[in-house]
There are 2 protein chains.
Amino acid sequence: MEHPSAPTPGRLRTTPSWLLTQTATHAARLVTTALGAHHARGYHYRLLATLAETGPASQADLGRHSGIDRSDIVATLNDLADRHLVRRQPDPTDRRRNIVHITPAGRRELTTLQHALDTAQDTLLAPLDPTDRRELVRLLDLLLTHHNEPKG
Amino acid sequence: MEHPSAPTPGRLRTTPSWLLTQTATHAARLVTTALGAHHARGYHYRLLATLAETGPASQADLGRHSGIDRSDIVATLNDLADRHLVRRQPDPTDRRRNIVHITPAGRRELTTLQHALDTAQDTLLAPLDPTDRRELVRLLDLLLTHHNEPKG
DNA sequence: CCCTATTCATTGGCAACGCCAACATTGGCA
DNA sequence: TGCCAATGTTGGCGTTGCCAATGAATAGGG
């Protein structure tokens, strides 16, 4: 978003969904910039991080664990594989599946991206003291947990 | 995002930018659904709300006050004008400009959208008690203020 | 064992938001 | 007067989150 030359309309300034989407936009900009410096996007990081945590997995499983749609997994893995950060391997026990492995280079890249992201977090939270940071994380986590686990 | 069948990768669950963008995604989904029931999108609401607050304004001014790019203003106003919620009028004192007015129907539509949005806020904040809600708004407002006013 | 339903990877498409470049017209200022 | 800035407009791009359809392969029930 452009920098408003005048304050945001008053109504919105206390509308939680507005505050959330706006701060998220700033956060996304910081993250995009941080990752972009290493030729990566959010999806790239999320897949590498998921792979490092869960170990080798099928693309469908990667999607379920990372929250990325299967179709988007394909394109992202193509990028990562092109850069040798990841390897696709047919599953001998189920020929529908690819087993995806993170490579040593992929782990190194993940470390690099992680550092870039950590820096971005600091920039993002700059105006908050440690107590407020924890409080923010707590509140957002409450919201996320609630909306991620539909009662139905 | 799809509902993860397994918990989100641990790293991300305490990453503020992740929590922000994810909760913002949920918030955006609620808002989109609420506005969609009235054939509106976020840009439509934002422009109507801005017009109601500032009174008639040029498109460039609308962009600056609402934080919407000039080019996106054009398309959004086209939609609103097609539905007679807004009127474009040439500025007699500056032939480059259009003076945009909100119509009575536009004000009624804004009221409707506002109600829909208020309901969405409640759904969004359901898991938080009033104290936590105020705290969340306070923290997000701090972040937004900080990142909206570049020191440079 | 066979048929059906499901799963998988993949392709291709869509919507919303944020943003940028270019253009012609018009205004303001030096 | 001459040049720069602002305005509306068109057209385009990238990221994220989705959905539908397809062909191959597997799993499950009868």
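Which side chains meet in a salt bridge at 2.9 Å, N to O, in chain A? In this predicted model, the pair consists of Arg41(A) and Asp79(A), whose side chains meet in a salt bridge with an N to O distance of 2.9 Å. Arg41(A) is located in the loop that runs between helix H1 (16-36) and helix H2 (42-54) of chain A, whereas Asp79(A) belongs to helix H4 (residues 70-82) of that chain, so the pair ties together parts that are 38 residues apart in sequence. With a relative accessibility of 45%, Arg41(A) counts as partly exposed, and Asp79(A), with a relative accessible area of 31%, is likewise partly exposed.

A salt bridge between Asp79(B) and Arg41(B) is found in chain B, where the closest N and O atoms are 2.9 Å apart. Here too the pair links distant parts of the chain, Asp79(B) being placed in helix H4 of chain B and Arg41(B) in the loop between helix H1 (16-36) and helix H2 (42-54) of chain B, 38 residues apart. Asp79(B) is partly exposed at 30% relative accessibility, and Arg41(B) is partly exposed with a relative accessible area of 46%.

Over all chains, the structure holds 16 salt bridges. One of these joins Asp61(B) to Arg64(B), with the closest N and O atoms 2.9 Å apart; both residues lie in helix H3 of chain B, three residues apart, which corresponds to about one turn of the helix. Asp61(B) counts as partly exposed at 28% relative accessibility, and Arg64(B) is partly exposed with a relative accessible area of 33%. In chain A, Asp94(A), Arg96(A) and Arg97(A) are joined into one network by salt bridges that share partners.

Helix H3 (residues 59-66) of chain B also packs against helix H4 (residues 70-82) of chain B, the two axes coming within 9 Å and crossing at roughly 110°. Because angles of 65 to 115 degrees count as roughly perpendicular, H3(B) and H4(B) are therefore roughly perpendicular to each other. On the H3(B) side the contact involves Gln59(B), Ala60(B), Leu62(B), Gly63(B) and Ser66(B), which meet Arg70(B), Ile73(B), Val74(B) and Leu77(B) in H4(B). The residues of this contact divide into five nonpolar, three polar and one charged.

With regard to annotation, an unreviewed UniProt entry places the feature "domain: HTH marR-type" at residues 13-145 of chain A. In the model, this span is 69% helix and 9% strand, and its end C-alpha atoms lie 25 Å apart.

Note on methods: Residues are numbered from 1 along each chain as its sequence is written. Chains are lettered from A and ligands numbered from 1 in the order in which they are written. This is a predicted model: local features need pLDDT of at least 70, side-chain atom pairs count only at pLDDT 80 or more; totals for chains, interfaces and linings use all residues. Side-chain values use heavy atoms; hydrogens and water are left out. Axes are lines fitted to C-alpha atoms, for helices over the stretch in contact, and angles run from 0 to 180 degrees between N-to-C directions. Helices (H or I, at least four residues) and strands (E, at least two) are DSSP runs, numbered from the N terminus. Angles under 35 degrees count as roughly parallel, over 145 as roughly antiparallel, 65 to 115 as roughly perpendicular and the rest as oblique. Contact means heavy atoms within 4.5 Å. Ala, Val, Leu, Ile, Met, Phe, Trp, Tyr, Cys and Pro count as nonpolar, Asp, Glu, Lys and Arg as charged, and the others, Gly among them, as polar. UniProt positions are given in the numbering used here, feature names are shortened, and annotations may be inferred rather than shown by experiment. A salt bridge is a side-chain nitrogen of Lys or Arg within 4 Å of a carboxyl oxygen of Asp or Glu. Buried means under 20% relative accessible area, exposed over 50%, partly exposed in between (1.4 Å probe, protein chains only).
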